[in-house]
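Welcome! Please take a moment to look over the sequence and the 3D view before we walk through a few parts together.

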Amino acid sequence: MAKQDDSPRHAIIGAGMAGILAGIRLRKSGKAFTIYEKADWLGGTWRDNRYPGLTCDVPAHAYTYSFEPYPEWRAYYATGAEIQRYFERTAEKYGIMPHIRFGAEVTACVWDEARSLWMLTLASGETAEAEVVIAASGVLHHPRLPDIEGLESFAGSAFHSARWQDDASIDGARAGVIGNGSTGVQIITALADRAAHLVHFQRSPQWIMPVPYFEYGEEEREAFRRDPALIDAIRNDPEYWSNIHRFTRAITDVEGPEIALIEKLCLDNLENGIADPVLKEKLRPDYRAACKRLIYSWCYYDAVQKPAVNVEREGIARIEPEGVRMKDGRLHVLDTLVLATGFQADRFIRPATVKGVGGVSLDDLWAVRPTAYYAVSIPGFPNFFMLNGPTGPVGNFSLIDIAERQWAYVEQLLDLLHAGRARAVAPKAEAHAAYEERRIAAARTTIFGSGCTSWYLDATGVPASWPWSYEAFADAMAAPVMDDYLLDAR
Ligand code: NA7
């Protein structure tokens, strides 16, 4: 980015949902920015994940930028391919494409105190400068492969769900899926009618929340095109929002009525949705609902009752060239093995090296757990802001809404730089420490900390996410507490 005048340059890392959002906002206010994207195309998680059955479990019209409603969604829940198209189209429409540098992996960001700017190094060895870094590098980005003996020996194709192989034998073949998070469940529902034999390997059964599913016909889409107020009505649907508020109350009040209702709805679903009593017991969870991310599905229980599908709850002993050997000695012979085993959720911008004031590295600061003040900024890392960063809300709601609210907060800090009132802004260490202390205490009492394992937990077993209500998050993002920030005046 060439320096045109005195105004700050912005380096956005990642051209996924949040990076595109930051680009659109900066372009609108006429600011200089470059989006560095390590891959050769935009879309982030929606570019990487292409597995059959991929659907966003947030209603399509809610998983949409507030400023760019989209009449074209084909169903209440959008497919991954449609969402990818939406981001491509939106980036194009808002003039973001010329600002994206593809194949440009940022490997290091080092704060130059004397000049109040970030020195970026790319994988190519090239360097760049920017006064502001926006880390929009995603949460669930680095696949986590299971540590199962013999995985390498499998003779068929074995691959992670986020690295889908189009030429894998599925149709009329014998396939297995390890993992029953949202991903494994969606893959099973899509393959149940395609594979001749399909095994769903489950280490822990899941709570399955029944949800409505319907398609929008051409007539409805035409009505959305003509009258955007119809879309607003869906986005602002009081029932949708009261569900979200109920959900966050359920998370934060583990003995309250909301979580009891969620558990009842899921158990009724299991009771009424599964006919065979043996299968029903296999699928019955033995921990609290929403402790792991709640699975929303309108068709999983139908899928597992199809003749080709076998739910396997015995533990896996090892993987052999022919298939998966269970602890009780049985062998599932397979042609294809899908590893829907999740992601390393604690990476964020890493493995890039980030060094702030005094050469302190983010890796050292995050030795115990990734953390950020209100999920957005880090003491000692001036002008470094994260979207969907550590300790932010994760759950069954739109991360676009989360990122937009975080951007509104970041923008108020950037205004200080843009107005020339400061050269650098970072949260005070004591403000961050107080936030983390309160957050960790609250997080331990949430449903996420009620005794299951999940990607919501940090390495010490503390839930890593926002532990308060959605309203509390919205309030916190409405305006930064400026007293909690250190300004380095010009
Ligand atoms: P998740 O939700 O992290 O699920 C991973 C699944 O893989 C889960 O069922 C794990 O079982 C299972 N798993 C992981 N390692 C193993 C081994 N070694 N053996 C057997 N089973 C294993 O990832 P997803 O991709 O489904 O979803 C991630 C998010 O993407 C989702 O929450 C949405 O936000 C979108 P476990 O439960 O640990 O017993």
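We will visit some paired strands, and then a pair of packed helices. Keep in mind that this is a predicted model.

Let's begin with strand E2, which spans residues 32-36. This strand is mostly covered, with four of its five residues buried. E2 pairs with strand E1, residues 9-13, through five bridges, and the two run parallel. To find this pairing in the view, look for Ile 12, which stands opposite Ile 35 of E2. How does the chain get from E1 to E2? The path leads through helix H1, residues 17-28, and this β-α-β crossover is right-handed.

E2 has another partner in strand E3, residues 100-101. Here too the pairing is parallel, with two bridges joining E2 and E3.

Which residues make the contact between them? On the H12 side they include Ile 402, Arg 405, Ala 408 and Tyr 409, while H14 contributes Tyr 470, Phe 473 and Met 477, among others. Sorted by class, the contact of H12 with H14 has nine nonpolar residues, along with two polar and two charged ones.

Terms used. Residues numbered from 1 in each chain as written. Predicted model: local features only at pLDDT ≥ 70, side-chain atom pairs only at ≥ 80, totals over all residues. Heavy atoms only, no water. Contact = heavy atoms within 4.5 Å. Nonpolar A, V, L, I, M, F, W, Y, C, P; charged D, E, K, R; others polar. Buried < 20%, exposed > 50% of the residue type's maximum accessible area, 1.4 Å probe, protein only. Pairing = 2+ DSSP bridges. Right-handed = clockwise from strand over helix to strand, strands pointing away.
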